[in-house]
Amino acid sequence: MDSIIQQMRAIRLALRKNEVWRSVDFDDFLTDDLVSPSLDDSYEYTYRCNIPDLDTDRLALVNGYCRQPLQVLPNGIVMGGLREARRQYPDLVQRYFGSCTTKTVTRSFTTMQDEAFGKGMVNPYLDINTEHYTDGLFVYIPDGVKVQKPLQFLSVIRSDHPLMLQTRNLVYVGRGSQVAIIHCDDSYDQNSSFSNNVTEIFADEGALVEHYKMQNLNAQSALLNQTYTTLQRDASLRSIAISINGGHIRNHSEIRMNGEGCETQAHGLYLIDKEEQVDNYIFVEHSHPHCHSNELFKGIMDDAARATFNGHVLVSDGAAKTEAYQSNKNILMTDKAVVNTKPFLEIYNDDVKCSHGSTIGQLDEQALFYIRSRGVSERTAKTMLLYAFCDEVIQKIAIPALRERLSDMVKKRLHGELNVCSDCALHCSTPCNGEEAGATFKIDVSKL
Amino acid sequence: MSLLSIRNLHASIGDKEILKGVNLEINRGEVHSIMGPNGNGKSTLAGIVAGNPKYTVTEGEVLYNGKNILDLPVDVRACEGIFLGFQYPVEIPGVSITNFMRTAVNEQRKYRGLDPLSGSEFLKLMEEKKKVVEMTATLANRSVNEGFSGGEKKKNEIFQMAMLNPTLAILDETDSGLDIDALRIVATGVNKLRTPDNATIVITHYQRLLDYIVPDFVHVLYEGRIVKTGTKELALELEEKGYDWIRQELEAGK
């Protein structure tokens, strides 16, 4: 364990000037007392989730281990723990494990810069995960299956001592198949933790994958959430990352569109306060013609919270007729809140439509005046506008029950009413004795 | 007592003086039209009465129901019964008209010490008021003004006016950007809302709106002052002759 911690600290030093990783500073969370979870830890797995009208098939990881047996459903879907899958279906796992994390070798400004590590995308955190992962979830969906119920991945941390998790998830979606995955990261108590998680999603030809990442961790926890997606010809990804709490969250997404006609919709919403940090890095590679990508990330930062958006779209010379759009919009509530935003397009083909932009600001004065002119108090008007700001991302959630639930939660959160015990998508396992104020979020609109 | 009494109002935006001594008295039951060329202070006057903080009042007072309202914030003035129909209604993505109006109606009720409307009471009120401007059901579920046509935006203003039932409505260039049908619908809506207890100020620089909304008084606001007041015939005269003769009259008078 010590050696992993040492390695991770060394990585931080080595990558301090690296464009992709410079915003990542986990030092405060890489404490000497972190230990690896043990399969013998026999915590009761309790789970309550009460999203009205949302019926999901659940797969749970408790402290990084899957404790449910591997299931094979009548339509051929295999799902369960990766460790178990590796034993029972070694060929399947072998075929796709590592298939999405292959380093890009395309000509790229960023890769040229990485002198310290030679050419190719550098990601030592991925290497550590590959070497040390304990378990994770495995889902294999054969060709032509439309998965009716969303799959819910629950990654719950519950421990009486600080934990370091290395979790590895692998999802294969067959040709023309469709699936929605709701991926929840929760901490159960107030113990600190460090998670270096990797999820690989391989979407074969014509597949459609919806991937919702819901993050609600305690302020002592750090989460490095790496997602690597490969889209084969005509496949689509719709991903939304919603980060509501966490000491330091890094959503590191790399999406490679590996054939013509692929589509990527990758969005994010972050609402953070106190000294929390959320960092969204997203790399989208257009290497074939007629692929579309669209990114919209929005965030509200209160107190001394810090956010980073680092979006990189690489359009290689073969990718004619590419359409790629990037947008990052932020509202800062205080003088101490910080956002670093860097939407970045790197284009080597001249037959493309691309745009990028970012804004950092306060609320629209004209809209505020308009709402108030109807008799709505300043405080209510500001809350309405903050919610409206978030709504653009929430509306992109395609599962109506989940969308409504999140809409409700964000509203409550902006009103400062969100109870840690609220039975909702992001609070499926938060303790009731939440005297630790870290789990509540209150935006003080008077600061605007 | 006048409903609205504006006395020697001077106002500026930044260093530029726009209103240079406006006097105006408005009683309940009356419709006043304020006309005048662009850039002479019509919208400024509307903005000051409604409470837009971008204007600075340097002199004079605005009494509403006998009380000086210049220190009241815009939302309190609205709760007191003042409504501004915007020349350029603001788009608010993410806030539906229904949600917006439910919040506004209930905040105004709260100000007056009334209980909020229940969901069904509110929907009933919405249905009733939508008819005033022939508003479609789908429009009400859309985000406020987002992607609306010019006509839809102005209908939405009058719809909000119907929902909030103000004592003093100021309609700033409500006719701009409207085709004939929309103009008729908007004007008919305003007429339906007219009662002996409320008053309306219609700001326009075209006479055609006044074919539908017949004013009791027509004022000409020119270079920051009301230089002429008459009846609806004055509007016709302005339509025919333009504003030059007013300038000439003023210069001759100096």
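Guide: What follows is a walk through the salt bridges. This is a predicted model: local features need pLDDT of at least 70, side-chain atom pairs count only at pLDDT 80 or more, and totals for chains, interfaces and linings use all residues. Residues are numbered from 1 along each chain as its sequence is written, chains are lettered from A and ligands numbered from 1 in the order in which they are written, and side-chain values use heavy atoms, without hydrogens and water.

A salt bridge here is a side-chain nitrogen of Lys or Arg within 4 Å of a carboxyl oxygen of Asp or Glu. That rule gives 32 salt bridges over all chains.

Take A:Lys342 and A:Glu19. Their closest N and O atoms are 2.5 Å apart. A:Lys342 lies in strand E19 (338-347) and A:Glu19 in the loop between helix H1 (2-14) and strand E1 (57-62), so the pair ties together parts 323 residues apart in sequence. Helices (H or I, at least four residues) and strands (E, at least two) are DSSP runs, numbered from the N terminus. A:Lys342 is partly exposed at 28% relative accessibility. A:Glu19 is partly exposed too, at 21%. Buried means under 20% relative accessible area, exposed over 50%, partly exposed in between (1.4 Å probe, protein chains only).

Now chain B. B:Lys129 and B:Glu128 form a salt bridge at 3.6 Å, N to O. B:Lys129 is buried at 16%, whereas B:Glu128 is partly exposed at 44%.

Back in chain A, shared partners join A:Glu19, A:Arg22 and A:Lys342 into one salt-bridge network.
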